[in-house]
Amino acid sequence: MMLIPQGMGIRKMFQRFCGFCGILAGLMLAGCAGRAISFEQPHDPAAPLPEYRLGFGDVIEVRFYQHEQFNRTQTIRPDGRITLERIGDVAAAGLTPTQLDSTITEKYRSFVLDPELTVFVLEFGSQVVAVLGEVKSPGLYPVSGATTPLEVIAAAGGQTVAARLTSVMLLRRDQQGELVPHRLDLRRFDKRSPMPENWLLQGGDILYVPRTVIGSMNAFMNQVYSTILPPIDSWLRALFWYR
């Protein structure tokens, strides 16, 4: 059970906690050494835009054809799952509706002949990103449309004097739901030089602004999984259920 000091709201506590995590991770990473990491390649403007990925708080409908008894409307829980008739829990967060459609279809195929279904997104949950590290007000910030990392850093009060915008880390879940780090050099872009599409923020992203240049990806991810992500997950659950 989390104890909340009297007079202090959850968001304020989260901001203080994120500030602590940012300082701690910055100190731990200060001594990191390793091979240089190449920057992510710019996105091809001719390529199709990425499909929406589901996140916790989204309300979805799973609608079957000819097997309406299995129809369900579900809200994706903070653990990223939904529960469906006869197959139980299914991981949904981080997947596109098409991918979730395929996953559910395969699970029902064992007892339904040629299942046909469609996944609809009825309501979009609160699309927020976590901004950590060397920003003046770490915390959760809403994103909508084409929001860039620089815009959400500005919403967080801007970077501190110790921030390294040449080595910002964007953590985003892949198709399997695993966090994948992307190192961004935000000094390369301004109003006259727009960012590539795949650098635009999505709900559920984590943006970490370091104090020092991140030299070792493995060392950074070890710190993320051991000292940053577990408590952040608890705070996200609290904000989802008590907002």
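**View 1. Salt bridge between Asp89 and Arg77.** Asp89 and Arg77 form a salt bridge, with their closest N and O atoms 3.2 Å apart (a salt bridge is a side-chain nitrogen of Lys or Arg within 4 Å of a carboxyl oxygen of Asp or Glu). Asp89 belongs to strand S4 (residues 88-91) and Arg77 to the loop between S2 and strand S3 (81-84), so the pair ties together parts that are 12 residues apart in sequence. Strands (E, at least two residues) and helices (H or I, at least four) are DSSP runs, numbered from the N terminus. Asp89 is partly exposed at a relative accessible area of 43%, and Arg77 is partly exposed at 23%; buried means under 20% relative accessible area, exposed over 50%, and partly exposed in between (1.4 Å probe, protein chains only). The model is predicted: local features need pLDDT of at least 70, side-chain atom pairs count only at pLDDT 80 or more, and totals for chains, interfaces and linings use all residues. Residues are numbered from 1 along each chain as its sequence is written, and side-chain values use heavy atoms, with hydrogens and water left out.

**View 2. Salt bridge between Asp205 and Arg172.** The N to O distance in this salt bridge is 2.7 Å. Asp205 lies in the loop between S9 and S10 and Arg172 in strand S8, so parts 33 residues apart in sequence are tied together. Asp205 is buried, with a relative accessible area of 4%, and Arg172 is buried at 12%.

**View 3. Strand S8 and its partners.** Five of the six residues of S8 (residues 168-173) are buried, so the strand is largely enclosed by the rest of the structure. S8 pairs with strand S9 (residues 179-184) in the antiparallel sense over six bridges (two strands pair if DSSP finds at least two bridges between them). Leu170 has His182 of S9 as its bridge partner. S8 also runs antiparallel to strand S10 (residues 206-209), joined by three bridges, and Leu171 stands opposite Ile206.

**View 4. Aromatic cluster of Phe64, Phe70, Tyr108 and Phe111.** Ring pairs link these four residues; rings of Phe, Tyr and Trp (its six-membered ring) pair if their centres lie within 6.5 Å, and planes under 30 degrees apart count as stacked, over 60 as edge-to-face and the rest as tilted. The structure holds six aromatic pairs. Phe64 and Tyr108 are edge-to-face, 4.8 Å centre to centre with 70° between the planes. Phe64 is in strand S1 (residues 59-64) and Tyr108 in helix H2 (residues 97-108), 44 residues apart. Both Phe64 and Tyr108 are buried.
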